[in-house]
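Subject: Structure handover and notes

Dear colleague,

Please find the structure we discussed below. My notes on it come after.

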Amino acid sequence: MKKKIIYAIILLFVMAVTLYAARVIYQIDPDQCNGCGECFVQCPNDAIYYDYEVWTYQINPELCDGCGDCVDTCNHNAIHEVVSNGSEEIDPNLKISCFPNPLSSNTTISYDMHNGQKGEIVIFNIKGRKIRSFPIESRTGQVSWDGKDRAGNEVAEGIYFYKLKTGNRKVIKRLTVIK
Ligand code: SF4
Ligand code: SF4
């Protein structure tokens, strides 16, 4: 009996930790979205972009913090809650910048992980797809990005994001590639 109670307590603890780690983000249903753009204007995190593959607006899960402003704005009930298992939180103590920006062929990304020692810099496109990553193992430093993806192909002109991540903390900024 005592063992069963201990197992039940452990199970409850694991469930609580799992629920705490999950976070709510949002997705736009292309079948319900009429493309009015109201949510795009409203989003404080630039997380909403126009997707020419589905001809409606979509949400970049890397940038959405689940504030819900777009849901309140949408009159077509097109935005739905989903739960992401990602537990990364924005940490204003993390610093990242790049120069030049806009860039045509190369940029230097400077970072400061505050009290982090190991981390990663990730470059991703406007849809949240990973383009390139750089592991980092010192609190401060620089990495150079040559404007190419993991396969060595030059990326297209446009808006990209670069993220400094250490543990479950992150900071994200925008960069522009011009040709
Ligand atoms: S507010 Fe609603 S209908 Fe308008 S673009 Fe956003 S999701 Fe689509
Ligand atoms: S929930 Fe907030 S951050 Fe996410 S897309 Fe909507 S307005 Fe932007």
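What follows is a summary of what was found, from the overall picture down to single residues.

**Confidence and overall picture**

This is a predicted model. The average pLDDT of the protein is 86, and 84% of the residues score at least 70. The exception to keep in mind is residues 12-21, where the pLDDT is below 50. Beyond near neighbours in sequence, that stretch has one contact in the model. Where pLDDT is low, the predicted coordinates should not be read in detail.

The secondary structure consists of three helices and twelve strands. Of the 179 residues, 23% count as buried. Among the contacts with a separation of 6 or more, 61% are between residues 24 or more positions apart.

**Ligand surroundings**

Around ligand 1 there are 14 residues, of which Cys33, Cys36, Cys39, Cys74 and Ala78 come nearest. By class, this shell has eight nonpolar, five polar and one charged residues.

Ligand 2 also has 14 residues around it. Here the nearest are Cys43, Cys64, Cys67, Asp69 and Cys70. The shell of ligand 2 divides into eight nonpolar, four polar and two charged residues.

**Sheets**

One open sheet has five strands, in the order β5-β12-β11-β8-β9, with mixed pairing. The edges are β5 (89-90) and β9 (130-136); each has a single partner strand, so one side of each is left without a neighbour in the sheet. Within this sheet, β11 (residues 158-166) and β12 (residues 169-177) are antiparallel and joined by nine bridges. One of the residue pairs is Leu164 with Val171, the latter in β12.

Another open sheet has three strands in the order β6-β7-β10, and its pairing is antiparallel. Its edges are β6 (95-99) and β10 (140-145), each with a single partner strand, so one side of each has no neighbour in the sheet. From one strand to the next, the twist averages 20°. Between β7 (residues 107-112) and β10 there are six bridges, and the two strands run antiparallel. Ser110 stands opposite Gln142 in β10.

**The β2-β3 hairpin**

Strands β2 (residues 48-51) and β3 (residues 56-59) pair in the antiparallel sense, with four bridges between them. Tyr49 has Gln58 in β3 as its bridge partner. The hairpin has four residues between the strands, and Trp55 takes a positive phi near 60° in it.

Asp31 belongs to the loop between β1 (23-28) and α2. Is Asp31 buried or exposed? Asp31 counts as exposed, because it has 8 C-beta neighbours inside 10 Å, and 12 or fewer is the cut-off for that class.

**Backbone details to check**

Two cis peptide bonds deserve a look. The bond from Phe99 to Pro100 is cis, with omega near 0°, and the bond joining Asn101 and Pro102 is cis with omega about 10°. Pro100 is in the loop between β6 and β7, and Pro102 lies in the loop between β6 and β7 as well.

Asp46 has a phi of about 50° and sits in the loop between α2 (38-42) and β2. Asp46 is partly exposed, because 14 other C-beta atoms lie within 10 Å, which is between the limits for exposed (12 or fewer) and buried (20 or more).

His114 has a positive phi of about 60° and is not a glycine either. The place of His114 is the loop between β7 and β8 (119-125). With 16 other C-beta atoms within 10 Å, His114 is partly exposed.

Regards

Technical notes. Residues numbered from 1 in each chain as written. Chains lettered and ligands numbered in written order. Predicted model: local features only at pLDDT ≥ 70, side-chain atom pairs only at ≥ 80, totals over all residues. Near = placed C-beta within 6 Å. Nonpolar A, V, L, I, M, F, W, Y, C, P; charged D, E, K, R; others polar. Contact = placed C-beta atoms within 7 Å. Pairing = 2+ DSSP bridges. Axes fitted to C-alpha atoms, helices over the stretch in contact; angles between N-to-C directions. pLDDT = per-residue confidence, 0-100.
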